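Here's a quick briefing to read alongside the sequence and the 3D view. Have both open as you go.

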Amino acid sequence: MNLKVNHQLLWTLVGIAIGTSIGIATNQTALGVAFGITLGILIGSVVSKRIRSDSHETLREHVSELIKPKDWQEALQNSEDHPVLIFKHSTTCPTSARAYREFMAFVGSNASESGQRMDYYIVKVIESRALSRHIAEETAVIHQSPQVLLLEQGRVIQHTSHGKITKKRLIQWAQDPFS
């Protein structure tokens, strides 16, 4: 079972319990509860940020950035042996930020599955505009951002963009790339 824990809520409740106990012991229940809520929110936000940061770093271990044409050639070569997923990301676009979260959620779940061999790459289209154009020319897939390309055997077998980039869709591609 994959249970998600809301650390902010958990620590807020722990803080309320601690604060209530202190408040009862000192005959200052309202003050104790207020203290507990503040304590819980503070601890919860620190813990939540640390957990998100750790998981983000873990995901970065699986995703390589394509910066130069030789990076692209390496990814293309890797696709001869196993699927390669490339995410073209605009670092200033809110739609791309949402798609990035979907992409990274997919990477987080897929990279941890045993037997699932796939490489993951990201191209920051503003920072690496020439490479992004080069990929569009070589694949004959019109550039869009955000955009995901699934390569196998040195060619694009699936691609999508914008709101169609979802974890669910990427999971479907991983299970059956030709569907």
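What follows covers the sheet, the helices packed on it, the salt bridges and a nonpolar patch.

This is a predicted model, where local features need pLDDT of at least 70, side-chain atom pairs count only at pLDDT 80 or more, and totals for chains, interfaces and linings use all residues. Residues are numbered from 1 along each chain as its sequence is written, and side-chain values use heavy atoms, with hydrogens and water left out.

**The sheet**

- Let's start with an open sheet of 5 strands, which has mixed pairing and runs in the order β1-β3-β2-β4-β5. At its edges sit β1 (63-65) and β5 (155-161), each pairing on one side only. On average, neighbouring strands here are turned by 25° against each other, direction ignored.
- Some ground rules: helices (H or I, at least four residues) and strands (E, at least two) are DSSP runs, numbered from the N terminus. Two strands count as paired if DSSP finds at least two bridges between them.
- As background, strands of a sheet pair through backbone hydrogen bonds, either parallel or antiparallel.
- For a close-up, take strand β2 (residues 84-89) and strand β4 (residues 147-152), which pair in the antiparallel sense over 5 bridges. In this region, K88 stands opposite Q147 in β4.

**Helices on the sheet**

- Helix α4 (residues 94-110) packs on the sheet and touches β1, β2 and β3 (119-124). Its direction makes about 155° with that of β2.
- Helix α6 (residues 167-175) lies across β2, β4 and β5, and runs at about 165° to β5.
- Contact here means heavy atoms within 4.5 Å. Axes are lines fitted to C-alpha atoms, for helices over the stretch in contact, and angles run from 0 to 180 degrees between N-to-C directions.

**Salt bridges**

- How many salt bridges does a search of the whole structure find? The count is 3, a salt bridge being a side-chain nitrogen of Lys or Arg within 4 Å of a carboxyl oxygen of Asp or Glu.
- K124 and E65 meet through their side chains in one of them (3.9 Å, N to O). This pair ties together distant parts of the chain, with K124 in strand β3 and E65 in strand β1, 59 residues apart.
- K124 counts as partly exposed because its relative accessibility is 27%, and E65 gets that label at 33%. The cut-offs are under 20% relative accessible area for buried, over 50% for exposed, and partly exposed in between (1.4 Å probe, protein chains only).
- D71 forms a salt bridge with K70, and their closest N and O atoms are 3.9 Å apart. D71 is buried, with a relative accessible area of 17%, whereas K70 is exposed at 59%.
- D119 bridges to R117, with closest N and O atoms 3.2 Å apart. D119 is buried, as its relative accessible area is 14%.

**Helix α1 and the nonpolar patch**

- L10, V14, I18, I22 and F35 make a nonpolar surface patch of about 390 Å². Patches are made of residues with over 30% relative accessible area and no salt bridge: like charges are joined within 9 Å, nonpolar side chains (Val, Leu, Ile, Met, Phe, Trp, Tyr) within 5 Å.
- Helix α1 (residues 7-25) gives the most to this patch, with 4 residues. I22 lies in helix α1 and counts as partly exposed at 39% relative accessibility.
- A17 also has its place in helix α1, and is partly exposed at 44% relative accessibility. A17 and G32 are 15 residues apart in sequence and 9.1 Å apart in space, C-alpha to C-alpha.

Notes: Areas by Shrake-Rupley, 256 points an atom, 1.4 Å probe, with all protein chains shown as cover.
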